[in-house]
Amino acid sequence: MSERFDFIVIGAGASGEAAANHARARGASVALVERDLFGGTCAFWGCMPSKTLLHAAAVRACGGDYSWEKASARRDYMIVREGRDYPDDSGHIKGYKSVGIVPVRGTARITAPGRVSVETKEGPRDLEAKDVIVAVGSVPKVPKLEGLAEAGFWTNREGTSLRTLPKSIAILGAGPSGTALAQVYARFDVRTVLVSPRQVNPTDHPKSSALLAKILRGDGVDVRENARAQRIRPRAGKGGAHVVELADGSAVEAEVIELNVGRSAAPALATLGLENAGVRYDGSDFLPVDDHLRAAEHLYGIGDCIGHELSTHLGHYEGETAVKIALGDDVRADFSATPRAVYTDPETAGVGMVLEQAKENGIDAFEETADVATSAKGYVSESEGHVSIVVDRANKIVVGAFIGGPAASEAIHLAVLAIKLRTPLETLAQTITAFPTVARVLGGLFAKAALAIR
């Protein structure tokens, strides 16, 4: 006999947890299915360990007594892996049960609309619900490079959980994960090469990307921009290092190759039985959904597996929004003001559109930029960077904001709210911001832009 719930959530990462918790807070019954670790990538292989290691690296870079052994132990504490080979997710399970969520460990397959069969160690469990939420996450992409399989490689999982540092590492891909881990390795004296087909963190504002490249080079990272790996020659370098041949004819050598070249949900989606719920899945990297996060009637997709900005905070939003929609709330998903951040030292952050994107969308836009180094914040903290805003001249609102510098991930939220609410530029110009802060620099740009369009 099947077990009946209001919701079945498949995947217990950040987005699945958010959906399950919000559903329970609204009084709905929930089964939360997970084939690996309850808590997902963020808790064990992504956000929490990487930010912990970045903190340790920053303290060390400033002369603090923070050895790798201490950093590794602190990271193990954060991912509940002290004295263990694999993290312990029992704390997450205890938390679910305390609020009435039913955790089910096993591999899920949709067998019909509203029906899910889960293969567990104890045998199959058949679940039934009005609404099913797919939150199966994503896995790293592996490029087709000659010699890569023979050489072996790391992904973010090995990169955030390593206990012994390699002598050298070549990171292919310079997005947020690759960029952050490059700084960690370099600050712990690992010879680090960062290879990017375009600029560092290519979806960021060009000034932010330039700042990241500069600070990484200052940390000793060999940053190769506009470079693409073409072939791997396993153990062909000095001391048995792998040789990574680049498309421009140059090559780099490293003991370890780490991949950060994008992510895909295809492996999990392909075996989920989506066709049994009326979804025509074509094998692509992500599950298509509408602006109500629906993939089919009473079937929702959230988090990494739908391919929007791959971040914990967006996953939380999507999880809660899907539940609200399923319960009849008059809402839809709004991604117009999704913050993005890279937590290096210093940080970068952004929200909305860069100038070129705004113009491509038919907006009569212009950009205002300030240099953090010559601001009061820059003077007192010896910091560099930039603050830039993109303004819609006709509607007199901000449509994009980008920060590179201290506390960027915090200061950006003034712009997030402004874009979300379409706050008039004049109102932003009259908003008081504390001195001396990066937010104050942002406020100064609001005032400057307001004068420009009077």
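Strand 8 (residues 168-172) and strand 14 run parallel and are joined by four bridges in this predicted model. Along this pairing, Ala-170 sits opposite Ile-257 of strand 14. Strands in a sheet pair up through backbone hydrogen bonds, and they can do so in parallel or antiparallel fashion. Here the pairing is parallel, in an open sheet of four strands with the order 10-9-8-14. Strand 10 (222-224) and strand 14 (256-259) make up the edges, each with pairing on one side only. Leaving direction aside, neighbouring strands in this sheet are turned by 15° against each other on average. Helix 8 (residues 176-187) packs on the sheet and touches strand 8, strand 9 (191-195) and strand 14. The direction of helix 8 makes about 165° with that of strand 9.

Most peptide bonds are trans, and most residues other than glycine have a negative phi. Against that background, the bond from Asp-345 to Pro-346 is cis, with omega near 0°. Pro-346 lies in the loop that links strand 18 (340-342) with strand 19 (347-352). Another cis peptide bond joins Phe-435 and Pro-436, with omega about -10°, and Pro-436 turns up in the loop between helix 16 (425-429) and helix 17 (438-452).

Leu-293 is not a glycine, yet its phi is positive, near 65°. Leu-293 belongs to the loop between helix 10 (266-270) and strand 16 (294-296), and it counts as buried because its relative accessible area is 0%, under the 20% cut-off. Arg-422, also not a glycine, has a positive phi of about 55°; Arg-422 is placed in the loop between helix 15 (413-421) and helix 16.

Methods
Residues are numbered from 1 along each chain as its sequence is written. This is a predicted model: local features need pLDDT of at least 70, side-chain atom pairs count only at pLDDT 80 or more; totals for chains, interfaces and linings use all residues. Side-chain values use heavy atoms; hydrogens and water are left out. Two strands pair if DSSP finds at least two bridges between them. Helices (H or I, at least four residues) and strands (E, at least two) are DSSP runs, numbered from the N terminus. Axes are lines fitted to C-alpha atoms, for helices over the stretch in contact, and angles run from 0 to 180 degrees between N-to-C directions. Contact means heavy atoms within 4.5 Å. Buried means under 20% relative accessible area, exposed over 50%, partly exposed in between (1.4 Å probe, protein chains only).
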